[in-house]
Amino acid sequence: KGTIILQVRVASLGAEYILILADDRTEITRTEEIRNDFVANVSHELKTPVGAISLLAEALDDAAEDEVAVRRFAQRMHKESGRLSALVQDIIELSRLQGADIVRKGKPVNLNTVIQEAVDRNRLPAESNSIEIVVRGTVDEPVFGDPDQLMTAFRNLIDNAIRYSPEGTRVGIGLRSRDGLAEVSVTDQGTGITAEEQERIFERFYRIDAARSRSTGGTGLGLSIVKHVVSNHGGEVTVWSMAGQGSTFTVRLPEMESADDAQGAEAQPS
Ligand code: ADP
């Protein structure tokens with residue numbers, strides 16, 4: 001990307017040299033493009049709830065005498081402002097993550113505890129959709145990182161599993177350690193994601209069904225946040241899914257070498 005590698009033979013010296021020409025401008029232009037896209041997307045996304053709130057405020061003003069209408073408009077304003085606040089929160093989270101310095105601020109984190117707490121915090125929405133969350137297995141070693149970021153990532157995955165599943169289904173969370181990696185998978189019996197869509201869902205603001213995402217409180221940023229957290233921790237996130245048959249998101253993070261180093265120092269999310 002923006003780098004040209006040339007192999008040249010200088011006959012008079014009888015040797016081969018490798019010339020590396022790095023074109024920094026290309027990289028800067030790309031970063032700028034990404035930032036401009038992001039700003040354009042953010043403005044577009046913010047306009048929807050802000051516009052709705054403004055219209056509802058006008059309607060509320062006009063309907064002053066009609067008690068039923070006043071209540072209805074007030075409730076819708078409440079919903080739209082909730083959407084706005086979730087969006088602002090996710091935008092801030094994402095920009096914070098992009099500047100995060102895990103290596104300096106990290107500590108040993110017990111993923112078993114993080115997952116348990118992420119499940120507890122999703123208990124209410126799961127219950128109101130009659131979805132059962134089942135956790136199986138454990139990981140052996142802590143991972144090095146930021147417990148709050150990891151909590152945010154797993155909460156987002158569990159939250160999606162609940163929001164894109166029909167009532168009465170099950171969300172399974174599996175933990176295990178394998179080849180020095182802590183592996184956490186979140187499986188649902190929901191709508192599923194086609195192969196083409198799987199390639200795009202980690203992009204900011206990409207949604208398969210924007211109406212569904214919005215009506216269930218989605219911001220379109222959840223999976224980009226997950227991707228950033230995981231890459232900040234030197235790990236990877238993958239998805240397996242078939243349309244109509246549910247999805248499995250798997251996060252793999254490098255485990256710390258020995259439990260002895262981390263004993264008594266494991267950090268919990270705040
Ligand atoms: P959103 O806030 O819209 O849920 P995300 O970034 O979390 O945004 O997800 C992007 C899109 O990927 C969602 O709009 C949805 O279409 C799809 N998606 C994410 N998780 C799941 C899942 N567990 N099952 C089906 N579709 C999903």
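Visitor: Which residues of strand 8 make up its covered face, and which its uncovered one?

Guide: In this predicted model, strand 8, residues 236-241, has Val237, Val239 and Ser241 on the covered face, while Glu236, Thr238 and Trp240 make up the uncovered one. In a regular strand the side chains alternate between the two faces of the sheet.

Visitor: How do you know that strand 8 and strand 9 are paired?

Guide: Pairing asks for at least two bridges between the strands, and 6 bridges join strand 8 to strand 9, residues 247-254, so the two count as paired, and they run antiparallel. Across this pairing, glutamate 236 stands opposite arginine 252 in strand 9. The hairpin of the two strands has 5 residues between them, and there glycine 244 takes a positive phi near 85 degrees.

Visitor: Why is threonine 169 called buried?

Guide: Its relative accessibility is 13%, and buried means under 20%, so threonine 169 counts as buried. Threonine 169 is found in the loop between helix 6 (147-163) and strand 6 (170-178), and, leaving aside neighbours within four places in sequence, it is in contact with Ser130, Ile131, Glu132 and Gln189.

Visitor: How many aromatic pairs does the structure hold, and what makes the pair of phenylalanine 38 and phenylalanine 205 stacked?

Guide: The structure holds 2 aromatic pairs. For phenylalanine 38 and phenylalanine 205 the centres lie 6.2 Å apart, where the limit is 6.5 Å, and the planes are 25 degrees apart, where stacked requires under 30, so the pair is a stacked one. The pair links distant parts of the chain, with phenylalanine 38 in helix 1 (residues 24-62) and phenylalanine 205 in the loop between helix 7 (195-198) and helix 8 (210-215), 167 residues apart. Both of these residues are buried.

Visitor: Why is the pair of phenylalanine 202 and phenylalanine 249 described as edge-to-face?

Guide: Their ring centres are 6.2 Å apart and their planes stand at 70 degrees, and since edge-to-face applies over 60, the pair is edge-to-face. This pair also links distant parts of the chain, phenylalanine 202 being in the loop between helix 7 and helix 8 and phenylalanine 249 in strand 9, 47 residues apart. Phenylalanine 202 and phenylalanine 249 are buried.

Visitor: What places the charged end of arginine 204 over the ring of phenylalanine 38?

Guide: The charged end of arginine 204 is 4.5 Å from the centre of that ring, and the distance cut-off is within 6 Å, alongside an angle within 35 degrees of the ring normal, so arginine 204 meets the distance condition and is counted as sitting over the ring. Arginine 72 likewise lies over the face of phenylalanine 73, at 5.3 Å from the ring centre.

Definitions and conventions: Residues numbered from 1 in each chain as written. Predicted model: local features only at pLDDT ≥ 70, side-chain atom pairs only at ≥ 80, totals over all residues. Heavy atoms only, no water. Buried < 20%, exposed > 50% of the residue type's maximum accessible area, 1.4 Å probe, protein only. Helix = DSSP H or I, 4+ residues; strand = E, 2+ residues; numbered from the N terminus. Contact = heavy atoms within 4.5 Å. Phe/Tyr/Trp six-rings, centres within 6.5 Å; stacked < 30°, edge-to-face > 60°.
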